[in-house]
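Open your viewer and get ready to click along. Each stop on this tour tells you what to select next and what you will find there.

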Amino acid sequence: MAGLAGQRERITGTLYSAVLSDVMDSLGLMNQALRPFVRPLDDALVLFGRARTGLYMPRYQVEPGEDPYAVEIALVDDLKPGDVAVFACGGPTERIAPWGELLSTAAQVRGAAGCVTDGLVRDVKPIRAMGFPVFHGGIGPLDSKGRGKMMEMDCRVVCAGVEIAAGDYVFGDADGVVVVPEAAAEEVLAKALEKVAAEDRTRDELRAGRTLRDVFDSFGVL
């Protein structure tokens, strides 16, 4: 799969979340799109990379001597180029806000591809100025300390309704976020590129004046 990660520029320049979702539907992978409340901070940015997952649980206090950020810091410091931090907070939530400017800075310096969370984010103006792709479940000024804590990293999580394992591929754009299971990634990518080519032909024919019925009968793409 290292080769697939190396095609990130081609993938983000050619593919989009809708075509990946359609292809996965055709393969029986019908629950791979995060719920629509997860939105990009910047609609112009596209995210693609391998998931590094973190599981959050609600907290209501910090014990004396406890480091509430220990697992979170370990995950961010271990991000590799092309990784996507996926922080599962049981969202939608009004109180767990795990991501902000400083984590974005640390992740960007390590070459990470972005962050996806169903929790809240803050510091949105500096993150947008950085050009770092972040997909969030809401915006708020809260600190996660005393409200939520990452309990485990690189484990299987459910984020915005989708089960995600570390190593799965995550793609996000203005339409939303989809997750491509690692085992299916090469097949999904190949079929998605084929579908994009068919959609391009369909668009050209429609612009030339052919009816939607004729074009659909010819190419089977809608």
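**Stop 1: the largest pocket**

The largest pocket has a volume of about 300 Å³. To find its centre, select Tyr 69, Glu 72, Pro 98, Leu 102 and Leu 103, the closest to it of the 18 lining residues. Then colour α4 (70–77) and α5 (101–109), the elements that each give two or more residues to this lining. By class, the lining of the largest pocket divides into ten nonpolar, two polar and six charged residues.

Some words need explaining here. On a 1 Å grid over the protein atoms alone, a pocket is an open set of points with protein on both sides within 12 Å along at least five of seven lines, while a cavity is a set of points where a 1.4 Å probe fits but cannot get out; lining residues have an atom within 4 Å of a point. Grid points are joined across faces, edges and corners, and a volume is the space filled by probe spheres set on the points. Helices (H or I, at least four residues) and strands (E, at least two) are DSSP runs, numbered from the N terminus. Ala, Val, Leu, Ile, Met, Phe, Trp, Tyr, Cys and Pro count as nonpolar, Asp, Glu, Lys and Arg as charged, and the others, Gly among them, as polar.

Keep in mind that this is a predicted model, where local features need pLDDT of at least 70 and side-chain atom pairs count only at pLDDT 80 or more, while totals for chains, interfaces and linings use all residues. Residues are numbered from 1 along each chain as its sequence is written, and side-chain values use heavy atoms, with hydrogens and water left out.

**Stop 2: the cavities**

How many cavities of 30 Å³ or more does a search of the whole structure find? The search finds two. The largest cavity has a volume of about 80 Å³. Select Leu 20, Phe 48, Val 180, Ala 185 and Leu 189, which lie nearest its centre among the eleven lining residues. Both β9 (169–173) and α7 (185–207) supply at least two residues of this lining, and the largest share, three residues, comes from α7. Which classes do you find in the lining of the largest cavity? There are eleven nonpolar residues, no polar and no charged ones.

Now move to the second largest cavity, which holds about 30 Å³ of space. Its lining includes Arg 59, Glu 66, Arg 147 and Lys 149. Here the classes are two nonpolar, four polar and four charged residues.

**Stop 3**

Select strand β4 (residues 114–117). Gly 114 and Val 116 point one way, Cys 115 and Thr 117 the other way, and all are buried (buried means under 20% relative accessible area, exposed over 50%, partly exposed in between, with a 1.4 Å probe and protein chains only).

Two strands pair if DSSP finds at least two bridges between them. Look for Val 84, which stands opposite Gly 114 in β4. Together, β3, α5 and β4 make a right-handed β-α-β unit. A crossover is right-handed if, with the strands pointing away from the viewer, the path from the first strand over the helix to the second runs clockwise.

Cys 115 stands opposite Val 134 in β5. From β4 the chain crosses through helix α6 (residues 124–130) to β5, in a right-handed β-α-β crossover.

**Stop 4: the cysteines**

How many disulfides does a search of the whole structure find? It finds zero (a disulfide is a pair of cysteine sulfur atoms within 2.5 Å). Select Cys 115 and Cys 159: their sulfurs are 8.6 Å apart, too far for a bond. The sulfur of Cys 155 is 12 Å from its closest cysteine sulfur, in Cys 159, also too far. Cys 115 is buried at 0% relative accessibility, and Cys 155 is buried at 10%.

**Stop 5**

Most residues other than glycine have a negative phi, and most peptide bonds are trans. Select Gly 91 and Pro 92, joined by a cis peptide bond with omega about 10°. Pro 92 sits in the loop between β3 and α5.

Next, pick Asp 154, whose phi is positive, near 55°. Asp 154 lies in the loop between β6 (148–153) and β7 (157–159) and is partly exposed, at 34% relative accessible area. Finish at Ala 160, with a positive phi of about 50°. Ala 160 is in the loop between β7 and β8 (162–164) and is buried, at 1% relative accessibility.
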